[in-house]
Amino acid sequence: MTAPLGPTRILIADDQEDVRSGFRLILGSQPDMTVVGEAADGLTAVDLARTLRPDLVLADIRMPGLDGLELTRRLAGPGVPDPMRVLVVTTFDHDDYVRTALRDGACGFLLKRSGPGLLIEGVRAAMAGDMLISPQITVRLLRNLAPAPAAPAPAAAPAPSPLTAREQEIARLVAEGLTNAEIGERLFITAGTAKTHIANVQAKVRARNRVGIAAWSWETGLAGPAPRE
């Protein structure tokens, strides 16, 4: 997925006409964005996406014909030869939805009630290779997706992490949804250095993108409250 030379071309997939209209007005007001298509159901959205090749697809979850989770898997999931950016924007923030969307390649998960500012920020973050999750669900995500502590097994030694201590810090911050610039500010490094660390983490945990890093962090228990010193 390469960055577009002109405005970001967006396809909106949502079964509610008023929602599509609202998104079109919000995004169309930005000089660096343009809406190139709309779809009221998932099957039409997939067909349009493959025909129009937009830079980004905004997808609701509950749509007739094909839901947004399956749409995400078909356009951005593992095994897709030329994956697209899919940003899920929905009313429903169930944990299973979030986990499935991110595992299948979604570049962000936003709630419709988060407002126009976060929608615009989410599009720009996705185009920059970052991931944005609505703040309303980030803390709950980290708490619920992290595995519960298991009882210690004396005979089995814990598997060593493939990451250095600094890379674990980076992975944890990626799972919190921070951008490269925000990670740099938090760790007192440049955004470029943060980007290099993220690339190293991605290679070590075999993640397709920073969303995959976040999923790995949650599944291994790395994401969550920082350890006490």
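User: Which residues in helix 2 and helix 3 meet each other?
Analyst: In this predicted model, the helix 2 side of the contact consists of Gly42, Leu43, Ala45, Val46, Ala49 and Arg50, and these meet Leu71, Arg74 and Leu75 in helix 3. Sorted by class, that contact of helix 2 with helix 3 has six nonpolar, one polar and two charged residues.

User: And what angle do helix 2 and helix 3 pack at?
Analyst: Helix 2, which covers residues 42–52, and helix 3, which covers residues 68–76, pack at an angle of about 20°, and their axes are 10 Å apart. Since angles under 35 degrees count as roughly parallel, helix 2 and helix 3 are therefore roughly parallel to each other.

User: Is the crossing of helix 2 and helix 3 left-handed or right-handed?
Analyst: The crossing of helix 2 and helix 3 is right-handed.

User: Switching to helix 1 and helix 5, how far apart are their axes?
Analyst: The axes of helix 1 (residues 17–28) and helix 5 (residues 116–127) are 10 Å apart, and the two helices pack at an angle of about 65°. That angle makes helix 1 roughly perpendicular to helix 5, given that the range from 65 to 115 degrees counts as roughly perpendicular. The crossing of helix 1 and helix 5 is right-handed.

User: Which residues meet there, in helix 1 and helix 5?
Analyst: From helix 1 the residues are Phe23, Ile26 and Leu27, and in helix 5 they meet Pro116, Leu119, Ile120 and Val123. By class, the contact of helix 1 with helix 5 divides into seven nonpolar, no polar and no charged residues.

User: OK, what about helix 8 and helix 9, at what angle do their axes cross?
Analyst: The axes of helix 8 (residues 180–187) and helix 9 (residues 191–205) cross at roughly 105° and come within 8 Å, which makes helix 8 roughly perpendicular to helix 9.

User: Which residues in helix 8 and helix 9 meet?
Analyst: Asn180, Ala181, Ile183 and Gly184 in helix 8 meet Ala191, Ala194, Lys195 and Ile198 in helix 9. The contact of helix 8 with helix 9 has five nonpolar, two polar and one charged residues.

User: New topic, rings: how many aromatic pairs does the count come to?
Analyst: With ring centres required to lie within 6.5 Å, the count comes to zero aromatic pairs.

User: Then which ring does the charged end of Arg62 sit over?
Analyst: The charged end of Arg62 sits over the ring of Phe92, at 3.8 Å from the centre of that ring.

Methods:
Residues numbered from 1 in each chain as written. Predicted model: local features only at pLDDT ≥ 70, side-chain atom pairs only at ≥ 80, totals over all residues. Heavy atoms only, no water. Axes fitted to C-alpha atoms, helices over the stretch in contact; angles between N-to-C directions. Helix = DSSP H or I, 4+ residues; strand = E, 2+ residues; numbered from the N terminus. Parallel < 35°, antiparallel > 145°, perpendicular 65-115°, else oblique. Left-handed = near helix turned anticlockwise from the far one by under 90°. Contact = heavy atoms within 4.5 Å. Nonpolar A, V, L, I, M, F, W, Y, C, P; charged D, E, K, R; others polar. Phe/Tyr/Trp six-rings, centres within 6.5 Å; stacked < 30°, edge-to-face > 60°. Lys NZ or Arg CZ within 6 Å of the ring centre and 35° of its normal.
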